[in-house]
Amino acid sequence: MSHNERDTVPLNQSSQSDIDEIENLINYSGPTTVLPAQPSPPPTIPISSSPFIPSNLPPPSQKPVQPAVPPAIPINNNNNNRNVNNNNNNNQQLTGFGPAPNTLTEPVWDTVKRDLSRIVSNLKLVVFPNPFREDPGKALRDWDLWGPFFFIVFLGLVLSWSASVKKSEVFAVAFALLATGAVILTLNVLLLGGHIIFFQSLSLLGYCLFPLDVGALICMLKDNVILKIVVVCVTLAWSSWAAYPFISMAVNPRRKALALYPVLLMYVSVGFLIIAID
Amino acid sequence: MDLNPPSGENYANPRICFFHVLFKAGALAFYILSALFFDSFVIIFVVTVLLSALDFWVVKNVSGRILVGLRWWNEIDDNGESVWKFECLDQESLARMNKKDSWLFWWTLYLTAVVWIFFGIFSLIRFQADYLLVVGVCLTLSIANIVGFTKCRKDAKKQIQQFASQTIANRFSSTIQSAFTVV
């Protein structure tokens, strides 16, 4: 995206929309009607300027200081279109809002379904082969931390069940190791000058634990050492393959190894933990 | 903020209020009472953190929306930048929100964080790193919600003032315009 585009095109658009806004406001004769809570097509507002979006007001004018970015947030719009028919009397206070949808007023069950489907789709994007792998920024756009949370807890539980002694300590160690490991790895990438968002990276590292979860479960059910080694090697390779493109794309090519090595180290140590538990 | 609930009206959403309080109280109660019943730390950890995470989800997605009409989330735009979004309902319905509901919402939010801090200090004094881990996780979740909703509220007030002054300015200019057209 060239710098020139940003300088010329959006500036004209935003100034035009400002004029329209002001005209609209001037032309209102009576008290402003209560507009339904709009899913404001948000011009992305960086965190330093006001990030606030009241639901029914026209979107605040673009501040020309920040380079204007074309508003393209497909996620909200998709959800809101789906919810057009669902904005019914689930909530007495807000029925005055007419047919226009907003995730602010959707039924609870819709929220649950939306979150669950997001976890599943993130998992598929990260762990299974798919065409988005080469563009990591696009792949985990909808990061969420629920998937990683469940996977880390599950891994801790499985390790704890497999252990015959010191169950609590095994669990606590596994959980703390994975949680702090993910945070430290993310900081490592950021400090190496990489371009990755903190939560996106945490989410990624958590989702890449899924193969190890499967491996740990198999190892718990079958207690054969050879089988354990084979299973752990396979799942370790799978986890590393899943994490590789995201981490390597995020940093300078000369520093790829520096960023990747700790990730692999962490997964290898988890693998050893799985094998060594008896 | 006053210590007593505003009188004169009932809760508008009793079920939502109940769930809002249920998971918070459940996490705290389980944490306190579990030492009496369970020997294993794993169960205490998992159940407490699970209840806390459920509470986080309920507050962020359900009771925040319905009791106080606020919502916050994070998005990643096309540039790969992370953007935090804060949203509220418009002023009319904000004014229509039940006062008792919002009183309960804010009070329980702050109170649970304070109680978790208290427990954290307790386990720090006793040098129990395991329990400190549990308290740390629960505290992080509570504080995340507090920060998110407080930011929503502050920006809501600021936006309301801006909107009010903007409409006043526009009405003023329109009356001046109409005055000139008459002349």
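UniProt positions are given here in the numbering of this structure, with shortened feature names, and such annotations may be inferred rather than shown by experiment. With that in mind, UniProt, in an unreviewed entry, places the feature "transmembrane region" at residues 28–58, 103–125 and 131–150 of chain B.

Before we go on, a word on what you are looking at. This is a predicted model, in which local features need pLDDT of at least 70 and side-chain atom pairs count only at pLDDT 80 or more, while totals for chains, interfaces and linings use all residues. Residues are numbered from 1 along each chain as its sequence is written, chains are lettered from A and ligands numbered from 1 in the order in which they are written, and side-chain values use heavy atoms, leaving out hydrogens and water.

Let us return to two of those annotated spans. Residues 103–125 of chain B are 100% helix and 0% strand, with end C-alpha atoms 33 Å apart. Residues 131–150 of chain B are also 100% helix and 0% strand, and here the end C-alpha atoms lie 28 Å apart. Helices (H or I, at least four residues) and strands (E, at least two) are DSSP runs, numbered from the N terminus.

Now find helix α1 of chain B, residues 14–37. This helix bends by about 35 degrees at Tyr31(B); the bend is the angle between axes fitted to the seven residues ending there and the seven starting there. Tyr31(B) is also one of the buried residues of α1(B), as are Phe23(B) and Leu28(B). Buried means under 20% relative accessible area, exposed over 50%, and partly exposed in between (1.4 Å probe, protein chains only). The cover over the buried residues of α1(B) includes α2, α4 (99–125) and α5 (129–182) of chain B.

What about the largest nonpolar core? A nonpolar core is a set of buried Ala, Val, Leu, Ile, Met, Phe, Trp, Tyr and Cys residues joined through side-chain atoms within 4.5 Å. The largest one has 95 residues, and Tyr267(A), Ile274(A), Phe45(B), Phe105(B), Trp116(B) and Phe149(B) touch the most other members. Its largest share, 15 residues, comes from helix α2 (residues 41–68) of chain B. Beyond its neighbours within four places in sequence, Phe149(B) has contacts that include Phe105(B), Trp106(B) and Leu109(B), where contact means heavy atoms within 4.5 Å.

Finally, turn to chain A, which has 10 helices and 1 strand. Of its 278 residues, 46% count as buried. Ser201(A), in helix α7 (residues 198–207), counts as buried because its relative accessibility is 1%.
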